[in-house]
Structure formats: structure tokens, C-alpha cells
Amino acid sequence: MFIAPAAAYLLLFFGYPIVENVVMSFQQYTLTTFYTGDAPFVGLRNYETILSSSRFPRTLLTTALFTVGSVLGQFAVGLAFALFFQRRFPLGGVLRSLLLLPWLLPLVASGTTWKWMLDPDSGVVNAVLRGLHLSSSGVPWLTGTSQALMSVVLVNIWVGVPFNTAILYGGLRDIPPHLYEAAKLDGAGPLASFRHITWPLLRPVVSVVLVLGVVYTVKVLDIILVVTGGGPANATETIATQSYELSFRQYDFGRGAAMSNLLVLLSLVFALRYLRVGRRARAAREATP
């Protein structure tokens with residue numbers, strides 16, 4: 001009875017929508033279905049249409065590039081900040097608090113701000129580049145097919161850095177200080193201490209951060225829709241944005257549900273990996289004297 005409310009909540013708000021979405025993916029569910037109630041069963045036709053589409057391989061590649069670029073960038077910058085804040089200095093706590101702002105802001109607000117900043121004609125980024133004589137005409141951040149993907153990756157890195165910093169900083173604080181003191185007495189420098197102490201003891205936390213980063217990033221929708229809308233020429237279209245387009249722009253809810261189920265399946269693979277890594281991390285912490 002103690003877990004009954006939580007179980008009921010999960011079944012109602014998570015289980016039921018997922019089951020309905022799976023059922024919808026096997027139907028020809030369109031806008032007229034809401035009026036007629038008729039949604040013919042089509043089997044795997046929606047999945048076959050998606051997987052055989054000429055857009056799907058590029059969408060899958062874009063999703064992979066966006067995810068890998070975002071996760072690696074967030075981790076690298078987050079680890080650098082975590083190592084930096086491990087040192088004690090005046091206003092260090094204030095700076096750590098300010099670093100959380102990008103993570104706390106609504107994604108639509110952050111995306112809108114970055115869209116204005118990266119505007120090729122009136123954006124502040126190109127204005128700075130022209131002022132420093134680094135570019136005469138500016139960079140087509142949002143209109144170039146190659147630059148647009150890089151732009152949304154950079155924006156997503158900016159959003160995700162605080163999360164990575166907070167988790168990695170907590171992992172660094174759990175490393176016993178006497179290990180660094182002993183290494184320093186043995187003549188080990190900062191690089192040697194990081195290689196032989198910090199990285200091995202931080203590895204379980206790193207695994208959790210990376211897997212969680214993939215789970216969060218692979219389904220990012222808000223930033224891409226606000227900054228580029230999936231363009232130009234579908235250069236920033238991911239599985240999440242294509243699912244949105246099929247469902248809420250083309251009103252083909254059957255194919256949209258099929259696309260979102262592929263996204264759920266992909267996220268589930270990494271979620272199971274996260275649970276496995278989490279168990280290993282807990283076992284490693286319990287084994288640490």
C-alpha cells in the first residue's frame with residue numbers, strides 16, 4: 001500500500017501514454033480520426049515508411065552528431081570547471097551558483113536569446129567578429145547547412161555544462177584529500193595526480209554523467225525548434241524534431257508515434273546502460289576504503 005500511489009502515478013502518466021503511443025504507431029491515425037474515431041490498423045506500414053524514407057539516414061546521422069558533439073563538449077567543459085572550482089578562492093561559491101543559471105533558465109528563453117545572438121545580420125556574435133576584423137561578412141550561423149548544426153550543438157553545450165559541472169564537482173569532492181597529499185610527497189605533479197588518482201576514482205561518476213548526457217541529449221527538441229526549426233534544408237533535423245513535424249505539422253500521428261517510439265527505444269538502451277553503470281558506481285564507492 002505504501003508504493004501504491006507511486007505505482008498508480010507511473011501507470012497513469014507514463015505507462016498509459018506509452019501504450020497508447022505504441023498502439024497509435026500501428027494505425028493510420030490522422031487529424032480526421034479525432035472527428036470520425038476511425039483509425040484503421042496498418043501493421044508495420046508506418047515503421048516501414050519511416051525506415052525506407054530517404055530522409056531517415058540523414059536524420060539518424062544528424063541525431064548522432066548532435067548527441068556526440070553535445071555530450072563530449074558538455075563533459076569536457078564541465079570537467080574543466082569542476083577542476084577549477086575544486087580550488088578555494090574568494091567568491092568561488094557565488095560563481096558556482098551563477099554557473100547554474102543556464103541550466104535553470106527555460107529552454108525556450110535560452111534558445112530565443114541564442115537565436116538573436118547568432119543572427120547572421122544583426123546578431124551580437126557576428127558584430128563582435130566584424131569589430132575584431134575576424135570576419136568581414138560574418139558567419140552564417142543559422143543559415144549555413146554546416147554552421148547550423150554546429151550552432152545548435154554549441155547552444156546545447158552551454159545549457160548542459162552546469163549539470164556536468166555539478167555532478168563532476170561532487171565526484172571530485174568525494175576523493176580523499178590525503179591521496180593527493182601522499183602523491184605530492186612522492187613528487188607527483190598535477191598531471192600525474194590527475195592521471196593516477198583523479199581519473200581512476202572519478203571514472204564511475206564519469207560513466208554516469210556520459211550515459212545520462214546521451215539520454216538527455218538524444219531527445220532534445222526545444223532548442224533545435226527555437227534556434228533553427230530543423231533547418232536550413234533539414235540540416236538540423238533529428239529524430240525528435242522529425243517526430244514533432246510528422247505529428248504536429250503534418251498531422252500524421254501514426255507515423256509521428258512510430259518515429260517517437262524509435263526515439264524511446266534508443267533512449268531505453270542508454271537508460272538501461274545508465275542503471276548498469278549506476279550499480280557499478282555504487283559498488284565502487286562501497287569498496288573504496
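In which loop does N234 lie? Select N234: this residue lies in the loop between α12 and α13. Helices here are DSSP runs (H or I, at least four residues), numbered from the N terminus, and strands are runs of E with at least two residues.

Before going further, note that this is a predicted model, in which local features need pLDDT of at least 70, side-chain atom pairs count only at pLDDT 80 or more, and totals for chains, interfaces and linings use all residues. Residues are numbered from 1 along each chain as its sequence is written, and side-chain values use heavy atoms, with hydrogens and water left out.

Keep N234 selected. Its phi is near 60 degrees, a positive value in a residue other than glycine. N234 counts as partly exposed because its relative accessibility is 33%; buried means under 20% relative accessible area, exposed over 50%, and partly exposed in between (1.4 Å probe, protein chains only).

Now select G231 and P232. A cis peptide bond joins these two residues, with omega about -5 degrees. P232 is also placed in the loop between α12 and α13 (239–248).

Move to Y251, in the loop between α13 and α14 (253–287). Y251 is not a glycine, yet its phi is positive, at about 55 degrees. With a relative accessible area of 38%, Y251 is partly exposed.

**The nonpolar cores**

Next, select F66, L118 and I223. In the largest nonpolar core, which has 17 residues, these three touch the most other members. A nonpolar core is a set of buried Ala, Val, Leu, Ile, Met, Phe, Trp, Tyr and Cys residues joined through side-chain atoms within 4.5 Å. Helices α9 (145–173) and α12 (222–227) each supply at least two residues of this core, and α9 gives the most, with 7 residues.

Centre the view on L118. Not counting residues up to four places away in sequence, L118 touches V125, W141, L142, S151 and V155; contact means heavy atoms within 4.5 Å.

Then select L79, F85, Y169 and L202, which are included in a second, separate core of 15 residues.

**A nonpolar surface patch**

Finally, select L91, V94, L95, L98, L100, L101, W103 and L104. They form a nonpolar patch on the surface, with about 770 Å² of accessible area together. Such areas come from the Shrake-Rupley method with a 1.4 Å probe, and for residues only the protein chains shown count as cover. Helices α5 (92–99) and α6 (101–104) each supply at least two residues of the patch.

Note on methods
Patch = residues over 30% accessible without salt bridge, like charges linked within 9 Å, V, L, I, M, F, W, Y side chains within 5 Å. Salt bridge = Lys/Arg side-chain N within 4 Å of Asp/Glu carboxyl O.
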